[in-house]
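Me: Please take a close look at a single part of this structure. I want one residue and its surroundings, told in one go.

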Amino acid sequence: LRDNRIELVRASWHELSISVSDVSLSDEGQYTCSLFTMPVKTSKAFLTVLGVREKPQITGFTSPVMEGERMQLTCKTSGSKPAADIRWFKNDKEVKDVKYLKEEDAIRKTFTVSSTMDFLADRSDDGAVVSCRVDHESLNSTPQIAMQVLEIHYTPLVKIISSNSWPEEGQSIILTCESKGKPVPEPVLWTKDGGELPDPERMVVNGRVLSISFLNKTDNGTYRCEAKNPIGRNSTEYVLIVH
């Protein structure tokens with residue numbers, strides 16, 4: 001062996017030990033130890049060198065993503081030997097339906113491994129943490145992980161909550177319009193029976209809240225709350241019956 005990375009560690013009548021520093025893939029192969037007796041005796045061992053993979057990277061994400069759009073996230077790691085294993089997780093729950101691709105570098109005899117997760121963006125994915133986990137023999141049971149936080153934009157979801165389930169004449173009622181969307185919806189719009197609120201002195205709007213005091217039968221009707229953001233708009237209705 002002629003290499004300045006190889007040093008003689010121990011030499012005696014019974015043992016000859018060498019050390020190899022800065023190991024590379026080219027060091028893989030069969031090593032032979034010979035004892036110069038008559039006849040010569042030899043012992044052989046095959047050294048396998050593991051390819052240390054590059055840190056994984058997630059590509060394909062552009063922020064933000066609109067609800068309903070198709071997302072393709074790809075996780076890639078190069079230089080592994082043998083080929084590394086890639087697994088996907090969304091909020092710590094493993095995603096099974098993924099595509100796996102393995103390519104070998106014939107010269108270096110290492111592998112480039114990639115995996116693609118393909119899904120439709122949903123509002124429930126907003127804020128979800130997607131992680132790509134790479135397992136390999138050289139990692140000693142400590143996987144490498146790349147992470148990506150999803151940002152999904154979606155139209156508002158609207159709901160009206162009433163403070164009084166059995167409103168009676170002379171009482172008051174508070175209708176709260178809950179609107180959730182991303183970006184955050186603009187101030188809500190209240191209407192009654194398709195037009196403006198007929199009695200602004202008794203019907204007071206404060207942000208998302210509509211307060212009606214001194215109820216009477218003329219207040220009966222359909223109250224609509226509408227919320228919008230740059231993605232779209234949505235509305236819901238509440239039928240008020242004064243007893």
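Is Lys-81 buried or exposed, and what is it in contact with?

Reply: Lys-81 is buried, because its relative accessible area is 12% and buried means under 20% (exposed is over 50%, partly exposed in between; 1.4 Å probe, protein chains only). This is a predicted model: local features need pLDDT of at least 70, side-chain atom pairs count only at pLDDT 80 or more, and totals for chains, interfaces and linings use all residues. Residues are numbered from 1 along each chain as its sequence is written, and side-chain values use heavy atoms, with hydrogens and water left out.

Now the location. Lys-81 sits in the loop between strand 7 (70-80) and strand 8 (85-90). Strands here are DSSP runs of E, at least two residues, numbered from the N terminus.

Next, the polar partners. The side chain of Lys-81 makes a polar contact of 2.4 Å with the side chain of Glu-28. A polar contact is a pair of N or O atoms within 3.5 Å; within protein, one must be able to donate a hydrogen and the other to accept it, and residues adjacent in sequence count only if both atoms are side-chain atoms. A polar atom of the Lys-81 side chain also lies 2.9 Å from the backbone oxygen of Val-49.

Then the wider surroundings. Contact means heavy atoms within 4.5 Å. Neighbours within four places in sequence are left aside.

Elsewhere, 3 strands form an open sheet in the order 16-19-20, with antiparallel pairing. Strands pair if DSSP finds at least two bridges between them.

Conventions
Helices (H or I, at least four residues) and strands (E, at least two) are DSSP runs, numbered from the N terminus.
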